[in-house]
Amino acid sequence: MKSETIPVITIDGPTASGKGTIAQRVAAALGWHVLDSGALYRLTALAVIRGEVDPADQAAAANLARSLDVVFDGGRIFLRSDDVTERIRDEAVGNLASRVAAYAPVREALLARQRAFRRAPGLVGDGRDMGTVIFPDAPLKIFLDADVAKRAERRHKQLKEKGFSAKLSDLLEDLRARDLRDRSRAHAPLVAAADAVIVDSSHTGIDDTVKIVLDHWSARVSG
Ligand code: C5P
């Protein structure tokens, strides 16, 4: 099967909009693969931290991105055989990820790696630029939004459940800063593709949001 004929559903949106969970659930329902593209930026950030590289050095960060020795295995993520699944979710790693994600050489270094996830029978790609840059020919593009206070609340609850303490006001400030950086950067900013369906999940639970996406897909396939 030629790569461009393999169906892709892209799910883009701001931090903590629930994209990751929705992407996993939609992929499971369809029996498709998932690309968690944010994980690649987080892995790059972790490699910068571990390699004691100057985070402002764009070329060095791009070299790390290009040579990431990463394995995605049944929901676990390994960097050089080290299980970093939880570690890359740290707020500090997420913040650095959003900084290195603004570097054009880093984005370029991760381009082919992301497109290689397009494998039969299909792919759900979750990120910021899946529909605009990585898979512009995707037959269904979703832009998943939710208001920032709601996203901060959800992130707060998630962290508490995992036993981490975090102040809601700090999370809110962090999300605002990250949104602003993602939306205003020069390269591949966070923006809905012109042909994306906007889904606002501020007042919709996970099950209903998954259903909305699957219904859009059914309509595309049958339409
Ligand atoms: O989605 P997640 O929060 O894991 O992404 C971490 C960071 O990586 C984001 O804040 C964003 O700056 C960046 N990112 C990106 N493009 C993507 C996915 C993530 O710039 N496709």
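Predicted model: local features only at pLDDT ≥ 70, side-chain atom pairs only at ≥ 80, totals over all residues.

Reader: How are H2 and H5 oriented to each other: roughly parallel, roughly perpendicular, roughly antiparallel or oblique?

Author: The axes of helix H2 (residues 37-50) and helix H5 (residues 104-115) come within 11 Å and cross at roughly 135°. Angles over 145 degrees count as roughly antiparallel and those from 65 to 115 as roughly perpendicular. The pair H2 and H5 is therefore classed as oblique.

Reader: Which residues of H5 does H2 meet, and how many residues of that contact are nonpolar?

Author: From H2, the residues Ser37, Leu40, Tyr41 and Thr44 take part, and they meet Val106, Arg107, Leu110, Arg113 and Gln114 in H5. By class, the contact of H2 with H5 has 3 polar and 2 charged residues, and the number of nonpolar residues is 4.

Reader: Is Ser37 buried or exposed?

Author: Ser37 lies in helix H2. Leaving out residues up to four places away in sequence, Ser37 touches Gln114, Asp126, Gly127 and Met130. Its relative accessibility is 3%, and the cut-off for burial is under 20%. Ser37 therefore counts as buried.

Reader: Which element gives the most residues to the largest nonpolar core?

Author: The largest nonpolar core has 34 residues, and those with the most contacts inside it are Leu43, Ile88, Val106 and Phe135. Two or more residues come from each of H2, helix H3 (58-66), strand S4 (76-79), helix H4 (91-100), H5 and helix H6 (130-134). With 8 residues, the element that gives the most to this core is H2.

Reader: With which residues is Ile88 in contact, leaving aside its neighbours within four places in sequence?

Author: Ile88 is among the residues with the most contacts inside the largest nonpolar core. With those sequence neighbours left aside, the contacts of Ile88 are Ala39, Arg42, Leu43, Leu46, Ile77 and Val93.

Reader: How many residues does the second, separate core have?

Author: This core includes Ile142, Val197, Val210 and Val213. The number of residues in the second core is 16.

Reader: What is the handedness of the crossing of H1 and H9?

Author: The axes of helix H1 (residues 19-30) and helix H9 (residues 206-222) come within 10 Å and cross at roughly 55°, so the two helices are oblique to each other. Their contact divides into 9 nonpolar, 2 polar and 2 charged residues. The crossing in which H1 passes H9 is right-handed.

Note on methods:
Residues numbered from 1 in each chain as written. Heavy atoms only, no water. Axes fitted to C-alpha atoms, helices over the stretch in contact; angles between N-to-C directions. Helix = DSSP H or I, 4+ residues; strand = E, 2+ residues; numbered from the N terminus. Parallel < 35°, antiparallel > 145°, perpendicular 65-115°, else oblique. Contact = heavy atoms within 4.5 Å. Nonpolar A, V, L, I, M, F, W, Y, C, P; charged D, E, K, R; others polar. Core = buried A, V, L, I, M, F, W, Y, C linked by side-chain atoms within 4.5 Å. Buried < 20%, exposed > 50% of the residue type's maximum accessible area, 1.4 Å probe, protein only. Left-handed = near helix turned anticlockwise from the far one by under 90°.
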